[in-house]
Amino acid sequence: LQEFENLRHLLLTETKDWRALAIRTGACLYRLRGILAAGNKELTKESARTAREAFDIYAPMASRLGMHRLKNEIEGSAFRILYRRQYEHVQRMHNELNEGNAMQNVLDTVQTDMKHMLENDEEFRRQVEEFDVTARVKEPYSMWQKMLKHKYKHIAQLPDALALRIVLKCRKQSPDEHVDTTRARERALCYYAQSLCQQRWRPLAGNPRFKDYIEN
C-alpha cells in the first residue's frame with residue numbers, strides 16, 4: 001500500500017501536464033476492461049496488481065482531475081476483478097430490488113416531478129438563468145463500501161441508494177454584478193430549491209440523518 005501511495009504522490013506532484021495523468025488513468029481502465037473481457041475465473045497475480053493499482057492510484061487520480069465518470073468505471077471494474085464474490089452479491093441484491101426496472105422508474109418519476117415543480121415556481125424561474133436535475137443509482141462498489149461501514153445487510157437499507165441533484169446558474173441582476181454577490185445569491189437559491197423539495201417530499205419524522213451539501 002505504501003508503494004502505491006508513493007507512486008500516486010509522485011504522479012500528482014511531478015507530472016506537470018494534467019493530460020498525461022488523464023492518459024495514464026485511461027490506460028488503466030483499458031487494462032481493466034481487457035481483464036474482464038478475457039473472462040478468466042481465476043484471479044492472477046498480474047490482474048490483482050492491476051486492480052489494486054486502480055483502487056489506490058488511478059481512481060483517486062481521476063477524482064482529483066474531476067473525471068468522476070472515469071473514476072466510477074475504474075472502481076467498478078476493479079471491484080469486479082478483485083472482489084468478484086462480493087460484486088456478485090451486491091449485484092444480485094440490486095437486481096432483486098430493481099425488478100421490473102423499479103429503481104429507475106422511481107428516479108424517473110421524481111426527477112420529472114422535481115423539474116416541473118422548479119419550472120412552475122415563479123420566484124425560482126425569475127432568479128435562475130438555467131438549471132438541471134440529474135438522478136443516479138449508487139454504484140455497486142460504493143454500495144458495498146457503505147454496507148461494510150454501517151454493517152447493513154441489504155442495499156435497501158442504504159439511505160442514498162437513489163439520489164437526485166439540482167445544479168443551477170443564477171441570473172445576474174446587472175452586467176457588473178460582483179462574482180461574490182452572484183455566488184451568495186446562488187447559495188441562497190440552492191437553499192430555496194431545497195426547501196421546495198422538502199415541502200413536496202416530506203423528510204421522515206424523527207430522522208436525524210441530514211447532510212448539508214450546500215454548506216459543505
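Residues are numbered from 1 along each chain as its sequence is written, and side-chain values use heavy atoms, with hydrogens and water left out. In this predicted model, local features need pLDDT of at least 70 and side-chain atom pairs count only at pLDDT 80 or more, while totals for chains, interfaces and linings use all residues.

Me: In what order do the elements of the protein chain run from the N terminus on?
Reply: Helices (H or I, at least four residues) and strands (E, at least two) are DSSP runs, numbered from the N terminus. The protein chain has 9 helices and 2 strands. Their order is α-α-α-α-α-α-α-β-α-β-α.

Me: What percentage of the protein chain's residues count as buried?
Reply: Buried means under 20% relative accessible area, exposed over 50%, and partly exposed in between (1.4 Å probe, protein chains only). The chain has 216 residues, and the buried share is 31%.

Me: At what angle do H2 and H3 pack?
Reply: Axes are lines fitted to C-alpha atoms, for helices over the stretch in contact, and angles run from 0 to 180 degrees between N-to-C directions. H2 covers residues 18-38 and H3 covers residues 45-64. Their axes lie 10 Å apart, at an angle of about 145°.

Me: How many nonpolar residues does the contact of H2 with H3 have?
Reply: Contact means heavy atoms within 4.5 Å. H2 contributes residues including Leu21, Cys28 and Ile35, and H3 residues including Ala51, Tyr58 and Met61. Ala, Val, Leu, Ile, Met, Phe, Trp, Tyr, Cys and Pro count as nonpolar, Asp, Glu, Lys and Arg as charged, and the others, Gly among them, as polar. The contact has 3 charged residues, 3 polar and, for nonpolar, 9.

Me: What distance separates the end C-alpha atoms of H4?
Reply: H4 has 15 residues (68-82). The expected span is 1.5 Å times one less than the number of residues.

Me: Which helices are included in what covers the buried residues of H4?
Reply: The buried residues of H4 include Leu70, Ile74, Phe79 and Leu82. Lys71 and Glu75 are also among them. The cover includes H2, H3, H5 (84-97) and H8 (140-150).

Me: Is Asn98 buried or exposed?
Reply: Asn98 sits in the loop between H5 and H6 (102-119). Leaving aside residues up to four places away in sequence, Asn98 touches Met103 and Gln104. Its relative accessible area is 16%, so Asn98 is buried.

Me: How many residues apart in sequence are the parts that Glu129 and Lys169 tie together?
Reply: A salt bridge is a side-chain nitrogen of Lys or Arg within 4 Å of a carboxyl oxygen of Asp or Glu. Glu129 and Lys169 form one, with the closest N and O atoms 3.7 Å apart. Glu129 lies in S1 (residues 128-137) and Lys169 in S2 (residues 162-170), so the separation of the parts in residues is 40.

Me: Which residue forms a salt bridge with Arg187?
Reply: Arg187 is partly exposed at 36% relative accessible area. The closest N and O atoms of the pair are 2.7 Å apart. Arg187 lies in H9 (residues 179-200), and its partner is in the segment after H9, 28 residues apart. That partner is Glu215.

Me: What is the relative accessibility of Glu177?
Reply: Glu177 meets Arg185 in a salt bridge at 3.2 Å, N to O. Arg185 is buried, with a relative accessible area of 15%. Glu177 also counts as buried, at 10%.
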